[in-house]
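Trainee: I am new to this structure and would like to learn how to read it. Could we go through a few features together?

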Amino acid sequence: MKKILRKLLYQVCIFADVFLKDKNARILMYHSHRMSQVFFNVSENDLKWQLSYLKNNGYQFVTMAQLVSKIKNKDSLQNMIAISYDDGHKDFLDIFNSLYSPMKIPVTLFWPTRMPDNILVTSNKVVCELINKNDISILTQNPYFELGSHSCTHKELTHIGENDRKNEIQISKMDIE
């Protein structure tokens, strides 16, 4: 049932996008494509369909940094799409190398830089393997990859003190430079 509702939601969003064209950019955010228990999971087949739809309908793919720059410069945002990934699940490597890079679609990954053993346990107790620093060093050589600051250890920033929150953010930013 959950799978059917998700597909229906995607179709409604595309229908709305086609008929309610506006001048705003779109940001698509994903976590994983192989772990159905992970929030914002979209199957690889659905992702391929989405990317084909967007390419075939004249959308321009940009990184998050490019999108921010366009917003600051008050450039047109019509038909702009920024694709982002949260957390850096291990399956991102395969998806990036098999889909995004060959299709020349830029992607921004927000990666927690200091996760113990590169493992993330989600709020619903799903254990997820994350990419590591070696993977990041390889990815950053690709012109279609952008690394963004997430945090250091994926703490819920609204549940920690101000100093810890600042440290999580500042150290993460230094780690990705």
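Trainee: How many residues does the largest nonpolar core have?

Mentor: In soluble globular proteins, nonpolar side chains tend to be buried together. A nonpolar core is a set of buried Ala, Val, Leu, Ile, Met, Phe, Trp, Tyr and Cys residues joined through side-chain atoms within 4.5 Å. Buried means under 20% relative accessible area, exposed over 50%, and partly exposed in between (1.4 Å probe, protein chains only). Here the largest core has 26 residues, and L47, I83, Y85, Y100 and L109 have the most contacts inside it. This is a predicted model: local features need pLDDT of at least 70 and side-chain atom pairs pLDDT 80 or more, while totals for chains, interfaces and linings use all residues. Residues are numbered from 1 along each chain as its sequence is written, and side-chain values use heavy atoms, leaving out hydrogens and water.

Trainee: Which element gives the largest share of this core?

Mentor: Helices (H or I, at least four residues) and strands (E, at least two) are DSSP runs, numbered from the N terminus. The largest share, six residues, comes from α4.

Trainee: Is H31 buried or exposed?

Mentor: H31 is buried, as its relative accessible area is 10%. You will find H31 in the loop between β1 (26-30) and α2 (44-56). A polar contact is a pair of N or O atoms within 3.5 Å; within protein, one must be able to donate a hydrogen and the other to accept it, and residues adjacent in sequence count only if both atoms are side-chain atoms. The H31 side chain makes such a contact with the side chain of D86 at 2.9 Å, and another with that of D87 at 3.4 Å.
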